[in-house]
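Dear colleague,

Please find below the structure that I am handing over to you, together with its sequence. My findings follow directly after it.

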Amino acid sequence: MKQLLSILLLVPILIFAQNNNYRTIDSLSHLAKKQKADTTLADIYNQISYNYIYQNADSGILYARRALTISKKVNWQCGTGNAFIQMGSHFTSKGAYDSSMHYFDKALEIFNAIHETYHLGKVYNQMGIVKA
């Protein structure tokens, strides 16, 4: 009986969290339509990708690739590294651990080169999840 009660209490929370992510994705997609191809658009695409985590990995990868393309075009290293983190995270959620480590290694290379310690921590955290 306690298990059933726990499940009944947990389901609305999960539904709310999922709906909230879709609202965020919708809002960010609306913003993206108004942006030119610069660091702001790349950041929006990385945020959309992040919000697809554990819901739709393929869409998340698609938006991370868009962010990657724009970040490389405007030579924004931090955006490029973040796109690699997003792609690695989505490949982790798909169980494609070799691919995820490939993208995490690319992100690590970028963040080491620009001495971005905060993002290095994020990469090492994601690598630890894959290796665990």
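In this predicted model, the side chain of Gln86 reaches the backbone nitrogen of Tyr50 at 3.4 Å. Gln86 belongs to helix 4. Is Gln86 buried or exposed? Its relative accessible area is 10%, and residues under 20% count as buried, so Gln86 is buried. Setting aside neighbours within four places in sequence, Gln86 is in contact with Asn46, Ser49, Tyr50 and Ala64.

Helix 4 covers residues 77-93, and helix 6 covers residues 117-131. The axes of these two helices come within 11 Å and cross at roughly 15 degrees. Angles under 35 degrees count as roughly parallel, and helix 4 and helix 6 are therefore roughly parallel to each other. Their crossing is left-handed.

Which residues meet where helix 4 and helix 6 are in contact? From helix 4 come Cys78, Asn82, Ile85, Ser89 and Thr92; from helix 6 come His119, Lys122, Val123, Gln126 and Val130. Sorted by class, this contact has four nonpolar, five polar and one charged residues.

Turning to the chain as a whole, there are six helices and zero strands. Read from the N terminus, the order of elements is α-α-α-α-α-α. The chain has 132 residues, of which 41% are buried. Of the contacts between residues at least 6 apart in sequence, 51% join residues at least 24 apart.

Yours sincerely,
A colleague

Key
Residues numbered from 1 in each chain as written. Predicted model: local features only at pLDDT ≥ 70, side-chain atom pairs only at ≥ 80, totals over all residues. Heavy atoms only, no water. Axes fitted to C-alpha atoms, helices over the stretch in contact; angles between N-to-C directions. Helix = DSSP H or I, 4+ residues; strand = E, 2+ residues; numbered from the N terminus. Parallel < 35°, antiparallel > 145°, perpendicular 65-115°, else oblique. Left-handed = near helix turned anticlockwise from the far one by under 90°. Contact = heavy atoms within 4.5 Å. Nonpolar A, V, L, I, M, F, W, Y, C, P; charged D, E, K, R; others polar. Buried < 20%, exposed > 50% of the residue type's maximum accessible area, 1.4 Å probe, protein only. Polar contact = N/O pair within 3.5 Å; in protein donor to acceptor, adjacent residues only side chain to side chain.
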